[in-house]
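Work through the exercises below with the sequence and the model side by side, and try each task before reading its solution.

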Amino acid sequence: MKKNLGQEAIYDARELGTPRMLVLGLQHLFAMFGATVLVPILVTGYGLPLSIQTTLLFAGLGTLLFHLCTKFKVPAFLGSSFAFLGGFEAVANLDAGKFAGMTGEEKLPYALGGVVVAGGLYLVLALLFKLVGAKKVMRFFPPIVTGPIIILIGLNLSGSAVSNASTNWPLALVAIAIIIVANIFGKGMVKIIPILLGVVGAYIVALIFNQVDFTAVQEAQFVGLQKIVIAKFDITAILVMAPIAIAAMMEHIGDVSAISSTTGKNFIADPGLHRTLLGDGLATAVAGMFGGPANTTYGENTGVLALSKVYDPRVVRLAAIYAIVLSFSPKFDALVNSIPAAIVGGVSFILYGMISAVGVRNIVENKVDLTKSRNLIIAAVIFVCGLGFSSIGGISFVVGNATITLTGLAIAALAGVVLNAILPGNDYEFGTSVEGDKSADLGSY
């Protein structure tokens with residue numbers, strides 16, 4: 001007997017029949033789509049030609065790899081991580097040592113190398129979680145460190161949002177307005193996909209006013225292979241990207257906490273955070289090695305779980321297969337790339353602000369005591385390092401024959417972790433607040 005959607009929890013989607021399972025998979029595809037393709041669009045805007053086709057391919061493959069690592073138990077989709085946007089922009093702006101005079105296409109493999117190393121850090125953390133437990137490890141990454149770092153990621157990107165939006169403010173404002181209305185007044189699926197609705201709605205307006213160039217779309221083939229870019233490794237790019245794993249790790253834990261709360265199953269205990277981090281880390285490292293951005297578990301798809309009450313990971317794996325199929329269409333890639341810069345600016349205007357707001361929420365919902373001098377000092381040093389050093393292009397120094405550059409975000413992350421470790425009074429205990437654990441989820445708007 002078939003069950004009704006949205007009325008009772010369903011842990012085996014086969015009870016719904018194949019047609020409805022296929023539709024549910026499409027629903028998960030729509031939920032992740034806007035944010036996942038937005039990352040390569042934004043990174044390409046920074047000057048690094050990240051492929052939409054390749055991004056979709058490794059989002060799908062990464063999701064399947066994640067499910068394998070988590071014993072096929074966790075209904076999570078892995079899409080492009082917003083947390084690494086600041087790292088991509090920082091690499092694009094590197095102009096010292098070997099990066100002096102490099103084109104964006106030449107810099108991209110080094111940024112991807114940093115993503116691979118960041119994925120490797122996930123594996124190290126997964127091992128530590130398994131050996132010594134999450135509580136002991138997380139004492140080194142409390143909200144007073146991760147919150148300000150997440151805030152900095154959004155603030156450092158804000159200039160590019162304004163720059164893109166200023167190419168056509170009326171069109172950017174249309175995208176902003178749609179996202180706000182969908183986010184605040186939307187119900188059901190509308191509230192889950194505000195980014196996608198903002199892009200599509202503003203794109204329709206751009207079509208009406210003949211502001212879309214279809215030349216590349218007309219020239220592109222319907223079927224073709226993805227653009228594979230092999231990662232290269234340089235200490236400067238690694239030091240730019242790797243510290244972002246701190247914020248990305250909190251995003252991951254937030255998502256797993258949210259999925260556990262939504263489905264009524266404790267995935268932090270079974271299959272365990274060490275397995276979910278392993279899956280996310282491997283997916284990120286594999287994507288970075290071959291030309292894709294870092295992956296992360298998606299809050300948008302958690303929203304679909306809550307909406308449909310279908311908690312079967314099989315439907316999420318269907319969405320992964322759909323993403324892989326879409327990745328074989330250069331024409332689809334060209335169509336997405338035809339989105340005017342002003343629309344990208346309008347969407348990122350909200351997105352970058354939301355990232356910073358998530359950092360604030362992480363501090364507030366974890367009840368960080370800012371009357372304590374240690375907490376104020378840590379936050380103050382992180383903010384000044386992140387914004388101050390970014391304004392002067394970071395710090396460059398020579399080791400042997402290599403010029404190494406530390407960006408503002410990297411310096412801020414290192415300073416925050418070190419200060420938290422050496423200053424007395426660290427009373428953070430991971431796992432005491434479900435809301436606090438979920439509050440670092442960059443996919444929860």
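**Exercise 1.** In this predicted model, does Pro-293 count as buried or exposed, and what is its relative accessibility?

Solution. Begin by locating Pro-293, which lies in the loop between α13 (268–290) and β2 (295–297). Next apply the cut-off, under which a residue is buried when its relative accessible area is under 20%; Pro-293 has 2% relative accessibility and therefore counts as buried. Then look at its surroundings: leaving aside residues up to four places away in sequence, Pro-293 touches Val-39, Leu-50, Thr-55, Ser-80, Phe-88, Val-115 and Ala-287.

**Exercise 2.** Explain why helix α16 is largely enclosed by the rest of the structure.

Solution. Helix α16 covers residues 330–337, and because 6 of its 8 residues are buried, the helix is largely enclosed. The buried residues are Pro-330, Lys-331, Phe-332, Asp-333, Ala-334 and Val-336. To see what surrounds them, follow their packing against α1 (18–46), α2 (52–69), α10 (215–219) and α15 (313–326).

**Exercise 3.** Determine where Asn-210 and Lys-367 are found, and decide whether each is buried or exposed.

Solution. Asn-210 is in the loop between α9 (194–208) and α10, and its phi is near 55°, a positive value in a residue other than glycine. With 68% relative accessibility, Asn-210 counts as exposed. Turning to Lys-367, the loop between α17 (341–365) and α18 (373–391) holds this residue, whose phi is likewise positive, near 55°. At 70% relative accessibility, Lys-367 counts as exposed.

Definitions and conventions. Residues are numbered from 1 along each chain as its sequence is written. This is a predicted model: local features need pLDDT of at least 70, side-chain atom pairs count only at pLDDT 80 or more; totals for chains, interfaces and linings use all residues. Side-chain values use heavy atoms; hydrogens and water are left out. Buried means under 20% relative accessible area, exposed over 50%, partly exposed in between (1.4 Å probe, protein chains only). Helices (H or I, at least four residues) and strands (E, at least two) are DSSP runs, numbered from the N terminus. Contact means heavy atoms within 4.5 Å.
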